[in-house]
Amino acid sequence: MVSDVAWYCRCSKPVRVQPAASFPFLSERQACRFLAEMISLTDSQKIGMGLTGFGVFFLFFGMILFFDKALLAIGNILFVVGLAFVIGLERTFRFFFQKHKMKATSFFLGGVFVVLIGWPIVGVILEFYGFFLLFRSFFPVVIGFIRRIPVLGSLLNLPFISGPS
């Protein structure tokens, strides 16, 4: 039987949780750590999450409305600014301007620029390619996480989707 766990965040306020009941796929320690990290978002990170979410929304909505230039431009700006707010300005520059990621960064930021000057379809194609190159190391982690979600995990584990084992 798992008892309540008092978790102290940075502001020294106890947070009562039942990790095993709330997160059955995590151990008690992992659930407490997850909750502590989730609770300890700074205000600028919360603003960044909102800006990034609005950016993704505007990008999606701009593509739905036949590549509307204005919506795509607003979405691109909000996404990049929101990313900088979430992970910090210095870490954003370090992420984008590593030597081995310069090709990906040039495609992504070049696509943003092409959208801003008025060629939305070409710009979005360049952005998607740059985004794929930038974040391709994260895809296995995301797929591994999705495999642990009950309904989506069973779909990803089907033989014709999961590939050869």
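On a 1 Å grid over the protein atoms alone, a pocket is an open set of points where a 1.4 Å probe fits, with protein on both sides within 12 Å along at least five of seven lines, and its lining residues have an atom within 4 Å of a point. The structure is a predicted model, in which local features need pLDDT of at least 70 and side-chain atom pairs count only at pLDDT 80 or more, while totals for chains, interfaces and linings use all residues. Residues are numbered from 1 along each chain as its sequence is written, and side-chain values use heavy atoms, with hydrogens and water left out.

The second largest pocket holds about 210 Å³ of space, a volume being the space filled by probe spheres set on the grid points, which are joined across faces, edges and corners. Its lining consists of Val 56, Leu 59, Met 63, Phe 79, Phe 108, Val 124, Glu 127, Phe 128 and Phe 131. Two or more of these residues come from each of helix 3 (43-64) and helix 7 (120-135), helices being DSSP runs of H or I with at least four residues, numbered from the N terminus; the largest share, 4 residues, belongs to helix 7.

Glu 127, found in helix 7, is buried at a relative accessible area of 7%, where buried means under 20% with a 1.4 Å probe and protein chains only. Beyond its neighbours within four places in sequence, Glu 127 is in contact (heavy atoms within 4.5 Å) with Asn 76, Phe 107, Phe 108, Gly 111, Val 112 and Val 115.

Key: Buried < 20%, exposed > 50% of the residue type's maximum accessible area, 1.4 Å probe, protein only.
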